[in-house]
Amino acid sequence: MKFFAFWRSLASYRVRIALNLKGVVPDEVIDINLMKGAQREASYRAVNPMMALPALIDGAGPALFESLAIIEYLDETHPEPPLLPRDPRGRARVRGIAQIIACDSHPLIVPRVREYLENELHIDEAARTTWCQHWHKAALTALETNLQDSATGRYCHGDTITLADICLASQAAGAKFFNVDTAPFPIFSRITGELSQIDAFARAHPLKQPGAPAAA
Ligand SMILES: N[C@@H](CCC(=O)N[C@@H](CS)C(=O)NCC(=O)O)C(=O)O
C-alpha cells in the first residue's frame, strides 16, 4: 500500500486517522510537498489528476483519491471498527457532518484557492486570511448547530468514533492553522478535545508528522 500525503494536508490527516483506527500501516508513505507545489508535478498528476492530496494505491491499484472515498474504502475493506452507523439515518447524519467539513468548507481554503486569490486576483495576505477565517467560522457555526442534536453523544454521533469525528478533528487542526477561535463553539471544542486524547488521532496529527515544524 502506497499513501501519498503531506504533513500539513488536512485531507491526508483524515486518512491517517482512519488508517490508525483500522490498524493499517502503509508500506510506503510518499511525501508530496504542497509548499513546493509538488502536487502539480507530472509524476503526481499521473496518480491524481486533481493534483490534490491524499491518494492511496492499494495493491495493484488503481489510485484512490478524495479523503472521504478513501476512508469509506478502508471501512469496507477493514470493517473493524466500523466508521459509519448501521442505520440509514445515522449514516446520512454522519456523512452530512463529514461533508460540511470535507466538501463545503475545506475546499475553499486549500493552497490552489489561496494561490489563485493571491496570484490571479491580487488579493493581499490580510484579505486572504479574512477569507479563510470566514469559511472556517461558517462551517463551525453549522457544525455547532448540528451537534446540538440529541444524536450527539460523547462524540459527534453517539459514543463511538465515526467518520464525522475524523473530519471534526481535521477542522480543529485547520482552525489552529488559520488562527480561528473555537471557544464560541463549545460542543465542537469538547468533542475535538476528547478526540485529541485518542492515540489514533494524536499520532496522525499534522504537527506529529516528519517535516512538520514544532508549531504552525
Ligand atoms: N476534497 C479533497 C480535498 C483534497 C485537497 O484539496 N487536498 C489539499 C491538501 S489538504 C491539496 O492537496 N491541495 C493542493 C492544492 O490546493 O494545490 C479530499 O477531501 O481529499
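P81 is placed in the loop that runs between α3 and α4, where helices (H or I, at least four residues) and strands (E, at least two) are DSSP runs numbered from the N terminus. The model is a predicted one, in which local features need pLDDT of at least 70 and side-chain atom pairs count only at pLDDT 80 or more, whereas totals for chains, interfaces and linings use all residues. Residues are numbered from 1 along each chain as its sequence is written, and side-chain values use heavy atoms, with hydrogens and water left out.

The peptide bond from E80 to P81 is cis, with omega near -15°. A cis peptide bond also joins L53 to P54, with omega near 0°, and P54 belongs to the loop between α2 (42–45) and β3 (55–57). Most residues other than glycine have a negative phi, and most peptide bonds are trans. E66, although not a glycine, has a positive phi of about 75° and is found in the loop between β4 (64–65) and α3.

Helix α4 (residues 88–105) packs with helix α6 (residues 125–147) at an angle of about 175°, their axes being 10 Å apart; axes are lines fitted to C-alpha atoms, for helices over the stretch in contact, and angles run from 0 to 180 degrees between N-to-C directions. The two helices α4 and α6 are therefore roughly antiparallel, since angles over 145 degrees count as such, those under 35 as roughly parallel, 65 to 115 as roughly perpendicular and the rest as oblique. On the α4 side R93, I97, I100, I101 and S105 meet W135, A139, A142, L143, N146 and L147 of α6, contact meaning heavy atoms within 4.5 Å. These residues of the contact of α4 with α6 comprise eight nonpolar, two polar and one charged (Ala, Val, Leu, Ile, Met, Phe, Trp, Tyr, Cys and Pro count as nonpolar, Asp, Glu, Lys and Arg as charged, and the others, Gly among them, as polar).

The axes of helix α3 (residues 67–77) and helix α7 (residues 163–177) come within 11 Å and cross at roughly 140°, which makes α3 oblique to α7. In this contact L68, I71 and E72 of α3 meet L163, I166 and C167 of α7, and the residues divide into five nonpolar, no polar and one charged.
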